[in-house]
Amino acid sequence: MNRDEVQLLGFEIVAYAGDAHSKLLEALNAAKDSEFDKAEQLVEEANECIANAHKAQTNLLAQEAKGEDIAYSITMIHGQDHLMTTLLLKDLMKHLIELYKKGS
């Protein structure tokens, strides 16, 4: 996989993870306003974005597992960072939404 291909996958992961991140923060605001159905819907939409980011990541991992040399890309590292922080946010969001539910 050449550098341009790795870079494109990195941008794809950044885009999906960024969309998920935004939806999760929007879900928190909805929960804060006691709009729990909306919050849950936004979390589901974020999960779909995360799944798409994982598909792009899995493509890269599969290529490497086949023994293909993977070119180094700062964009890919940036994408991985975005995905990891979004996964952490998703885990925290689940608990925060539950806390808002208990407070209502």
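**Exercise 1.** In this predicted model, determine how the reach of helix α3 (residues 74–103) relates to the span expected at 1.5 Å a residue.

Solution. 
- Step 1: α3 contains 30 residues.

**Exercise 2.** Find which residues of α3 are buried and what covers them.

Solution. 
- Step 1: Apply the cut-off for burial, under 20% relative accessible area.
- Step 2: Thr 75, Met 76, Gly 79, Leu 83, Thr 86, Leu 89, Met 93 and Ile 97 are buried.
- Step 3: The cover over these residues includes α1 and α2.

**Exercise 3.** Describe α1 by its reach, its buried residues and their packing partners.

Solution. 
- Step 1: α1 has 30 residues and reaches 43 Å between its first and last C-alpha, close to the expected 44 Å.
- Step 2: Its buried residues include Val 6, Leu 9, Gly 10, Ile 13 and Val 14, and also Ala 17, Ala 20, Leu 24, Ala 27, Ala 30 and Ala 31.
- Step 3: The buried residues of α1 pack against α2 and α3.

**Exercise 4.** Classify the arrangement of α1 (residues 3–32) and α2 (residues 36–65) from the angle of their axes.

Solution. 
- Step 1: The two axes come within 8 Å and cross at roughly 165 degrees.
- Step 2: Angles over 145 degrees count as roughly antiparallel, so α1 is roughly antiparallel to α2.
- Step 3: The crossing of α1 past α2 is left-handed.
- Step 4: Residues of this contact comprise 20 nonpolar, three polar and six charged.

Terms used:
Residues numbered from 1 in each chain as written. Predicted model: local features only at pLDDT ≥ 70, side-chain atom pairs only at ≥ 80, totals over all residues. Heavy atoms only, no water. Axes fitted to C-alpha atoms, helices over the stretch in contact; angles between N-to-C directions. Helix = DSSP H or I, 4+ residues; strand = E, 2+ residues; numbered from the N terminus. Parallel < 35°, antiparallel > 145°, perpendicular 65-115°, else oblique. Left-handed = near helix turned anticlockwise from the far one by under 90°. Nonpolar A, V, L, I, M, F, W, Y, C, P; charged D, E, K, R; others polar. Expected span 1.5 Å × (residues − 1). Buried < 20%, exposed > 50% of the residue type's maximum accessible area, 1.4 Å probe, protein only. Contact = heavy atoms within 4.5 Å.
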